[in-house]
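Please keep the sequence and the coordinates at hand while reading.

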Amino acid sequence: MSEFFSNINSFLEAILFFDILFGYVDGVKLPFLVAWLISGGVYLTILTKFINLRAMKHSFDILRGRYDTEKDVGQISSLGALTTALSATVGLGNIAGVALAIGIGGPGATFWMIIAGFLGMSLKFTEVTLSIQYREFLKDGSIMGGAMEYLSKGLAQKGYAKFGKILSLIFAVLMIGGAIGGGNTFQVSQALSAVSQEIPFFAHYPIVFGIIIAILVGSVIIGDIKRIASTTEVLVPFMAIVYIGASIWILGYHFDKIDDAFSIIFHEAFSASAVYGGTLGAIIQGFQRAAFSNEAGIGSSPIAHAPAKTKYAIRQGLIALYEPFIDTVVICTMTALVIVITGVYAHDGAYMALIEAKQGAALTSVAYGTVIWWFPIILTASIFMFAFSTLISWSYYGERAWVYLFGSNSSIYIN
C-alpha cells in the first residue's frame with residue numbers, strides 16, 4: 001500500500017512540480033505550480049486594480065459587521081468563516097516554513113514572501129468570491145462551496161461544462177487526499193514529535209497521543225460547521241496572540257537590530273549571494289513558503305468561506321483578503337525578523353545541520369530560545385494548537401469534498 005501511494009505522489013510531483021527552468025540555472029529549481037501561482041497572483045492583482053491594497057479599510061468595515069443585514073444568508077458569521085480558514089493556514093508554515101525559506105534562500109526570501117502575501121490577497125479575494133457566487137444549499141441544510149462548485153458551474157456558463165466537471169472531480173479527489181495526508185496525518189506526526197520532546201511518555205506510547213487528539217478533534221467536527229467556527233473564533237486569536245506576543249518580546253529585546261535586519265532583507269532580496277542560489281533562489285523560496293503557509297490559490301479556504309452569512313459574494317471575498325495578510329505579511333514576517341536578527345540562519349554557523357536536515361521548527365525554536373529560554377515549551381504548545389486547528393478545518397474540507405463526490409448520505413457528521 002505504501003508503494004502504491006508513493007507511486008501516486010511521484011506521478012503528481014512530476015506533473016505539478018517539474019522544473020520549468022529545466023536545470024539551466026545551477027542550484028535553483030522553479031516548480032511549475034509555484035510559477036503558475038505567481039502568474040495568477042500578478043494577473044489578478046492587475047485585473048482587480050490592486051484590490052489587495054485599496055480595499056483593506058472597506059474589508060475591515062465589512063468584517064466588523066458594518067454592512068450586515070437581515071437578508072444575509074448562510075450558516076456562520078463572516079468572522080467565523082475567516083477564522084476557520086485561518087485555522088487551516090496559520091501553522092507549521094509560519095514556524096518551520098519561514099525558517100527553511102531563510103535558511104535555504106537567505107534573508108532576501110523574506111521580502112519575496114511578503115510580496116507573495118500581497119499577491120495572495122488577490123488570489124484569495126477571487127477564489128472566495130467565486131465560492132460564494134456558486135455555492136449550493138443542500139437538502140440536508142449544509143452548504144457546498146469551493147473550487148468543486150465554481151469550476152463545474154462557472155466553466156459550464158462559459159461553454160465548457162464537461163471540462164469543468166472533470167476539473168471539479170479531480171479537485172475533490174485531491175482535496176480528500178490532501179485532507180488525509182497534509183491536513184491530518186502530517187499534522188499529527190509533527191505535533192507528536194514536538195510534544196514528545198517535552199512529554200517523553202508519548203514517544204513510547206504514540207497511540208495514546210493519537211487517541212487523545214482524535215477525541216479532541218472529534219468533539220469539534222462531529223457536529224456542524226457552526227461548532228467548528230465557534231471553536232476557531234476562540235482558538236485562532238489565542239494562537240496568534242501567544243505567538244505574536246513571543247515575537248514582539250524578542251524584537252523588543254533586539255529593538256536596535258530591527259533596522260539592520262530590514263536592511264539585510266532588502267539588500268539580499270535583489271543581490272543574494274551565490275551560496276543561496278542568487279536572487280532567483282530567494283524569490284522561489286519566498287514564494288514557495290508563502291504558498292504553503294497561506295494556501296492562496298490552492299482552493300482549500302473557499303470551502304470554509306462558503307457557509308458564511310452574506311448577501312453579496314464580493315463581501316466575503318473582501319474579508320478573505322485578510323487571510324494572507326495576517327498569515328504571511330504579519331506572522332511570517334515576525335518569524336523571519338527573529339530568524340534574521342538572531343543570526344541562526346547563517347550557513348557558516350552552528351545550526352547548519354538543522355538547515356541541511358530541513359528542521360525548520362527546530363531552527364525557529366533555537367532562534368526564539370536565544371532570548372526566551374523556556375520558548376521550546378511555548379513552541380510545543382503552539383505546534384500542538386496549530387496542528388489541532390488545522391486538523392479541524394481540513395477535516396471539514398475533506399468531508400465537503402467527499403459529500404460532493406458521494407452525496408450527503410455518505411457523511412455522518414458536519415451536517
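In this predicted model, helix α8 (residues 147-157) and helix α20 (residues 375-406) have axes that come within 10 Å and cross at roughly 40 degrees. Because an angle counts as roughly parallel under 35 degrees and as roughly perpendicular from 65 to 115, α8 is oblique to α20. On the α8 side the contact is made by Met148, Glu149 and Ser152, and on the α20 side by Arg400, Ala401 and Tyr404.

Just after α8, Gly159 takes a positive phi of about 90 degrees.

Side chains of opposite charge can pair when their charged atoms come close. Glu149 forms a salt bridge with Lys153, with the closest N and O atoms 3.1 Å apart. An α-helix has 3.6 residues a turn, so residues three or four places apart point the same way. Glu149 and Lys153 are 4 residues apart in α8 and are therefore separated by about one helical turn.

Glu136 counts as partly exposed, at 33% relative accessibility.

How many salt bridges does the structure hold? There are 7 in the structure. Elsewhere in the chain, Lys57, Asp61, Arg64 and Arg66 are linked in a network of salt bridges. Within this group, the side chains of Arg64 and Asp61 meet at 3.1 Å, N to O. Are these two partners buried or exposed? Arg64 has 54% relative accessibility and so counts as exposed. Asp61 has 6% relative accessibility and so counts as buried.

Two packed helices are described by the angle between their axes and the distance between the axes. Helix α2 (residues 32-47) and helix α7 (residues 108-133) pack at an angle of about 75 degrees, and their axes are 8 Å apart. The angle falls in the range of 65 to 115 degrees, and α2 and α7 are therefore roughly perpendicular to each other. In α2, the residues at the contact are Leu37, Gly40, Gly41, Val42, Leu44 and Thr45. These meet Leu119, Ser122, Leu123 and Thr126 in α7.

Lys49 is found in the loop between α2 and α3 (51-54), and its phi is near 55 degrees, a positive value in a residue other than glycine. Phe50 lies in the loop between α2 and α3 as well, and phi of Phe50 is near 60 degrees, again a positive value in a residue other than glycine. With 63% relative accessibility, Lys49 counts as exposed, while Phe50, with 44%, counts as partly exposed.

The last topic is the surface. Which residues form a nonpolar patch there? Ile199, Phe201, Tyr205, Ile207, Ile211 and Ile215 do so, with about 620 Å² of accessible area together. Helix α11 (residues 206-221) gives the most to this patch, with 3 residues. Phe201, another member of the patch, lies in helix α10 (residues 201-204). At 41% relative accessibility, Phe201 counts as partly exposed, and the reason is that this class covers values between the limits of 20% for buried and 50% for exposed residues.

How values were computed: Residues are numbered from 1 along each chain as its sequence is written. This is a predicted model: local features need pLDDT of at least 70, side-chain atom pairs count only at pLDDT 80 or more; totals for chains, interfaces and linings use all residues. Side-chain values use heavy atoms; hydrogens and water are left out. Patches are made of residues with over 30% relative accessible area and no salt bridge: like charges are joined within 9 Å, nonpolar side chains (Val, Leu, Ile, Met, Phe, Trp, Tyr) within 5 Å. Accessible areas come from the Shrake-Rupley method with a 1.4 Å probe; for residues, only the protein chains shown count as cover. A salt bridge is a side-chain nitrogen of Lys or Arg within 4 Å of a carboxyl oxygen of Asp or Glu. Helices (H or I, at least four residues) and strands (E, at least two) are DSSP runs, numbered from the N terminus. Buried means under 20% relative accessible area, exposed over 50%, partly exposed in between (1.4 Å probe, protein chains only). Axes are lines fitted to C-alpha atoms, for helices over the stretch in contact, and angles run from 0 to 180 degrees between N-to-C directions. Angles under 35 degrees count as roughly parallel, over 145 as roughly antiparallel, 65 to 115 as roughly perpendicular and the rest as oblique. Contact means heavy atoms within 4.5 Å.
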